[in-house]
Amino acid sequence: MLNFSVNRFSDKTLPQQVYDQISNRILNNEFQAGERLPSSRELANNIGVSRNVVLEAYDQLVIEGYIEVRPGSGTYVSQGSSLLVKKTKQPLELEDQNHVSNPLPSVDAIDFKASNPAMDYFPRSVWGNLTKEVCLHSEDGLFGYNPSQGIFELRNVLSRYLSRVRGVKCHPEQIIITSGATQGLYLITKFLTTHNKKVIIEDPIADEMLPIFKNAGADVLSVPVDDKGIMTECMPTNHDPSFIFVVPSHQFPLGGTLPIQRRIQLIEYAREHNAYIVEDDYDSEFTYDGIPVASMQGLDPDNVMYVGTFSKILSPSLRIGYMVLPWHLVEQFRQKKWYQDRHTGTIDQMVLAHFIKEGYLDRHVRRMKSIYKQRREAMVRSISKHFSHFKIHGKAAGMHLVLELEGVDFTEKLVNRIKDQGVIIYPIEPYTISKRKHKNKIVMGYGSLTEDLIEEGVSRLKTVLENL
């Protein structure tokens, strides 16, 4: 006799519960092919539900092929409907967690991660009001499929914004909106390395960049970076790369700004070797001394691909980035973008377009520049207070600086020891390709930390180091 219980307080409906019970038993071969099942009326009486509940479950099982109805005979298990199900071993760390109902709270860690924006200052009210307005008053087309390169409203205002703020020379049609800068860099790498796998990158480089290039199939060649950015005199002369990846306005992680002489040398090198320059411009709006350095793209729009993102300016959760491409590559990249994800979410695109057009972005950047400048100054004060032999690297910009401490080797063991005291730091070494050149340097991000937390974190760092 087929008999089982149902839970009337479950999130699943009664027909779904009946369906699950029978289908699982068929898959597990508890009911074998050709075996007759009880009638709907009989099963309903056995488990205490209405006949309609069983009929609905049986209908679904017939549709999916688990059972078949033989007129005048009854309902039977179909051939080929059992499957040996392998049990997956649960990871040990998950098994351990299952036995801990209320884990003890750990020390609140002060995380000096770079490029973490101050999310407590995200303009939620403005963004929420604009989202409501867009949802209520936009044409129906916004909610359907849209162009792979992004909606025109955003590309149009973005082209004017980039021209005014970053010196980028482009038409709206040269812009392709991406799901963050990561997608843009992956698309560029996949496209440009089709016939030539060689790519020149900076060393050190942001930790997420190298996997992007390698996963896209690139063969990377590294060029060292000093306090002014990529060292153009070290560019390889015996290779013709498909592109050169640089962060000229605020190099990550060392923070240098590429001077005009090196920019020109880099452009001339790219022209001579028939290569493109891919310019990553992730946080150059936040410059605290003077005006932001203009983009390289403005010097050579036909050979420089410009990649930007709103993750650092506004919020990583928006996942809105963009590429500015030479005219002759636009159509091919539109197709590549379409095949990857059809298009980036259009509601957020439209909200961002209004956010820029109505001046909210400019106001937000001005506000955050003031806040980040104060936090940088607090970081420098704390370092000066607690350490005597140090150097600070990086232009006064962005959301991080690099601290060099004399006589310290930031090994993994030391980093973990510091972490045990509730402070998370980021040595330069993991960002490097040529190792042991920056062993006494760490990245110190301040974007998401208050001045009190900065002081406390530097103080804890000093305490650990003086007890070595």
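In this predicted model, Glu455 and Lys385 form a salt bridge whose closest N and O atoms lie 3.2 Å apart. Since Glu455 belongs to helix α14 and Lys385 to helix α12, the pair ties together parts that are 70 residues apart in sequence. Glu455 counts as partly exposed, at 24% relative accessibility, whereas Lys385 counts as exposed, at 60%.

Glu451 is joined to Arg381, with 3.6 Å between the closest N and O atoms. Here too Glu451 is part of helix α14 and Arg381 is part of helix α12 (residues 360–386), so parts 70 residues apart in sequence are tied together. Glu451 is partly exposed, with a relative accessible area of 34%, and Arg381 is partly exposed as well, with a value of 48%. Helix α14 (residues 451–466) also contains Leu453, which is partly exposed at 36% relative accessibility. The C-alpha atom of Leu453 is separated by 9.8 Å from that of Met379, a residue 74 positions away along the chain.

In total, the structure holds 14 salt bridges. One of them lies within helix α10, where Arg334 pairs with Glu331 and the closest N and O atoms are 3.3 Å apart. The two residues are 3 positions apart in that helix, which means that about one helical turn separates them. Arg334 is buried, with a relative accessible area of 16%, while Glu331 is partly exposed, with 44%. Both take part in a network of salt bridges that also links Arg155 and Glu173.

Turning to the sheets, 8 strands make up an open sheet of mixed pairing, in the order β5-β12-β11-β10-β9-β6-β7-β8. Its edges are formed by β5 (175–178) and β8 (229–230), each of which pairs on one side only. Helix α6 (residues 152–166) packs on this sheet and touches β5, β10, β11 and β12 (321–324), its direction making about 105 degrees with that of β5. Helix α10 (residues 330–341), which carries the Arg334–Glu331 pair, lies across β5, β11 and β12 and runs at about 15 degrees to β5.

With β11 (residues 304–309), β10 pairs in the parallel sense over 5 bridges, and Asp280 stands opposite Val307 in β11. With β9 (residues 243–246), β10 also runs parallel, and 4 bridges join the two; in this pairing Phe245 stands opposite Val278 in β10. How many of the residues of β10 are buried? The count is 6 of 6, so the strand is largely enclosed by the rest of the structure. Both of its faces are covered, with Tyr276, Val278 and Asp280 buried on one side and Ile277, Glu279 and Asp281 buried on the other.

The loop between β10 and β11 contains Leu299, which is partly exposed, with a relative accessible area of 42%. Together with Ile260 and Ile264, Leu299 makes a nonpolar surface patch of about 250 Å².

Most residues other than glycine have a negative phi, and most peptide bonds are trans. The bond from Asp203 to Pro204, however, is cis, with omega near 5 degrees; Pro204 sits in the loop between β6 (198–203) and α8 (209–215). Phe252 and Pro253 are likewise joined by a cis peptide bond, with omega about 10 degrees, and Pro253 is found in the loop between β9 and α9 (260–272). A positive phi, near 65 degrees, occurs at Ser115, in the loop between β4 (110–111) and α5 (124–137). Arg342 also has a positive phi, of about 70 degrees, and is placed in the loop between α10 and α11 (346–357). Ser115 is buried, with a relative accessible area of 13%, whereas Arg342 is partly exposed, with 27%.

Notes. Residues are numbered from 1 along each chain as its sequence is written. This is a predicted model: local features need pLDDT of at least 70, side-chain atom pairs count only at pLDDT 80 or more; totals for chains, interfaces and linings use all residues. Side-chain values use heavy atoms; hydrogens and water are left out. Two strands pair if DSSP finds at least two bridges between them. Contact means heavy atoms within 4.5 Å. Axes are lines fitted to C-alpha atoms, for helices over the stretch in contact, and angles run from 0 to 180 degrees between N-to-C directions. Patches are made of residues with over 30% relative accessible area and no salt bridge: like charges are joined within 9 Å, nonpolar side chains (Val, Leu, Ile, Met, Phe, Trp, Tyr) within 5 Å. Accessible areas come from the Shrake-Rupley method with a 1.4 Å probe; for residues, only the protein chains shown count as cover. A salt bridge is a side-chain nitrogen of Lys or Arg within 4 Å of a carboxyl oxygen of Asp or Glu. Buried means under 20% relative accessible area, exposed over 50%, partly exposed in between (1.4 Å probe, protein chains only).
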